[in-house]
There are 2 protein chains.
Amino acid sequence: MSSTSDRPTGRPRTIDPAAVSLVALRLFDEQGFDAVSMDDVATAAGVSRRSLFRLFPSKASLVWGGLDEFAVRFTDELRLRPASESAWVALRAAYRVGATFPDDTIEITRHRLRVIRANPSLERGGEAASTALTGVIERFMAERDGGSVDDLATRVRAHALAAAASTALTWWATHGEGRPEDVVDEALALFG
Amino acid sequence: MSSTSDRPTGRPRTIDPAAVSLVALRLFDEQGFDAVSMDDVATAAGVSRRSLFRLFPSKASLVWGGLDEFAVRFTDELRLRPASESAWVALRAAYRVGATFPDDTIEITRHRLRVIRANPSLERGGEAASTALTGVIERFMAERDGGSVDDLATRVRAHALAAAASTALTWWATHGEGRPEDVVDEALALFG
């Protein structure tokens, strides 16, 4: 993905996908997702159209992707929680860790969540990840607290928890204060 | 929408949209939404392609529509709940009334929810209705219990409640026993 030829333009030789994403998400957030073209993104990011499409095949792919790291932190933490903890205590702790976005991704995460919120059609792109995460929660609840993943109580608790956490993250992104992990934890405390 | 000409085929002269929907949803549920064409639906329902498209402009419109009545029952009941009730008590009661599908719509509702569940892309069609319903809940909670519709607690509680009820209805549709309103009430009792 990096260019080794001499380039007189002063543009960076290596394209940083995170930097391109940030430029794109700022544009989508400020001007509206539908109003911004891939050409606009390429121009604003100072990369060629070709390089942009190589990294991101679509506008939607510029929005999605970064939330994977949330799921990785969440599931890793869940695996590490002591067996003595109830599912609820362990899940709440894992949500705190998952929602602890590194400082240098706070701005991009905020834009990302705002853009997704403003464009419900984008949510389709996150459906598979969201279904997978709810599945992780259902299995963990069933394993820790007994019962089957297919029990009404397990399914309902898992979906309500996922909705609460996701709503809290969106609220954080649109209200702009504090740390996302604190907002998520405050939201889950409502059900504690 | 009805035909007044003499028809020798023995088909009904008046096309009943509910009957056409039921035929379509049975097919979608049994054979898969993508595997069934509008022609298949027309043939199975014994109506012309033209009549079918006049009633239902797309396959998705055969799936959506009937859930509006849920929202109508729900919001009407919410309006009638005594002012002395907490938001939670009133909302739970309204969900019971909303989920009380008339006997003659139980089968179609079950197929409808199963088809939506099996085809996440269909959920887009329900987004507007689902967002509207969550908005109703947020406003009701803020009004009854104080606070603003934009408070973290209001938003999180409303989305978690909507997710719990929706998960319960889907669970009922795929597990096939009992009345939907009892399953929804059992689910909400988990948070009481």
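**Close-ups of a predicted two-chain model**

Chain A splits into domain 1 (17-63) and domain 2 (68-189), with bounds that come from an automatic or database domain assignment. This is a predicted model, so local features need pLDDT of at least 70 and side-chain atom pairs count only at pLDDT 80 or more, while totals for chains, interfaces and linings use all residues. Residues are numbered from 1 along each chain as its sequence is written, and chains are lettered from A in the order in which they are written.

**View 1. Where domain 1 of chain A touches domain 2 of chain A.** The C-alpha centres of these two domains of chain A sit 27 Å apart. Their contact takes 9 residues from domain 1 and 11 residues from domain 2 (contact: C-beta atoms, placed from the backbone, within 7 Å). On the domain 1 side, α1 (17-31) and α4 (59-63) of chain A each give two or more residues (helices are DSSP runs of H or I, at least four residues, numbered from the N terminus). α1(A) gives the most, with 6 residues.

View 2. Turning chain A by 180°, with 0.0 Å of shift along the axis, superposes it on chain B at RMSD 0.0 Å (least squares on the C-alpha atoms of residues with pLDDT of at least 70 in both). Within chain A, Ala160(A) comes closest to the rotation axis, its C-alpha at 2.2 Å.

**View 3. The contact between chains A and B.** Each chain puts in 20 residues. On the chain A side, α9(A) gives the most, with 12 residues. Because 100% of the interface residues of chain A are also interface residues in chain B, the copies meet through the same surface.

Terms used. Contact = placed C-beta atoms within 7 Å.
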